[in-house]
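Here is a short briefing on one protein structure. Look it over first, then read the points below.

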Amino acid sequence: MVFGILSAAVHVATGAVLGQLLGGGVGLLVGAGIGLLVGTVFGWAVAAAEVYAASPRGVFLFIVDHTWSLLNTLVGAIYLALHLVFGHSLDRVTSRHSCRVNVVEGVSPRYATTLGTVCAGSGPGIQRHEDVHIFQARLLGPLYIPLVVANYVLFTIAPIWLLYHDHTGAPINRFTRYFEIGVYPHVWNEAIAYRIQGTPPR
């Protein structure tokens, strides 16, 4: 419960500060309101699923997620709220003491997707892969999302990966495969995660 309340408070404070920077007094109120809405949802999930254990590891990762990796946590909180709006379910059993929030349903039945500390649609066969993304976000903090986006943009417009792509095993023979089989598995964060667990799409 304490972690949930603290998490919600951090979201409200962050929203208020960002709002004030962007829009003065009115921005402060709007930002705090948005932070309260998103933070309440995320804080509820953290408390309901007992995401962070009251242990040195749990406390440390909670602090990391709400300071250095706060941008990733904010994005994940918005991602979680959208899942819940669409009727998706919090996976309390998998989330408990894992230091991540698991959602049962994913964006696509074919893929699990992780943003910040929120992992949707995962299972035992790919959870370590998704945990790599959580680790990457915690390690790189505010740099993580910009670096991932930059790599997607670079590999979309300048497909360097074509030089070392497995053209025989995973041919790029349709427009959609350019992204699904080409760009996606070659961006740095996915390439690292697939080396640890999972098989890139073919």
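Gln127 touches Arg100, Asn102, Cys119, Ser122 and Gln197, leaving aside residues up to four places away in sequence; contact means heavy atoms within 4.5 Å. This is a predicted model: local features need pLDDT of at least 70, side-chain atom pairs count only at pLDDT 80 or more, and totals for chains, interfaces and linings use all residues. Residues are numbered from 1 along each chain as its sequence is written, and side-chain values use heavy atoms, with hydrogens and water left out.

**Gln127**
- Gln127 lies in helix 5 (residues 127-140); helices (H or I, at least four residues) and strands (E, at least two) are DSSP runs, numbered from the N terminus.
- Gln127 counts as buried because its relative accessibility is 11%; buried means under 20% relative accessible area, exposed over 50%, partly exposed in between (1.4 Å probe, protein chains only).

- An open sheet is formed by 3 strands in the order 1-3-2, with mixed pairing; two strands pair if DSSP finds at least two bridges between them.
- Strand 1 (101-103) and strand 2 (113-115) are the edge strands, each pairing on one side only.
- Strand 1 pairs with strand 3 (residues 118-120) in the parallel sense, over 3 bridges.
- Val101 stands opposite Val118 in strand 3.

**Helix 7**
- Helix 7 (residues 175-186) has 12 residues.
- Its buried residues include Arg177, Tyr178, Ile181 and His186.
- The buried residues of helix 7 pack against helix 6 (144-157) and helix 8 (188-196).

Terms used
The expected span of a helix is 1.5 Å times one less than its number of residues.
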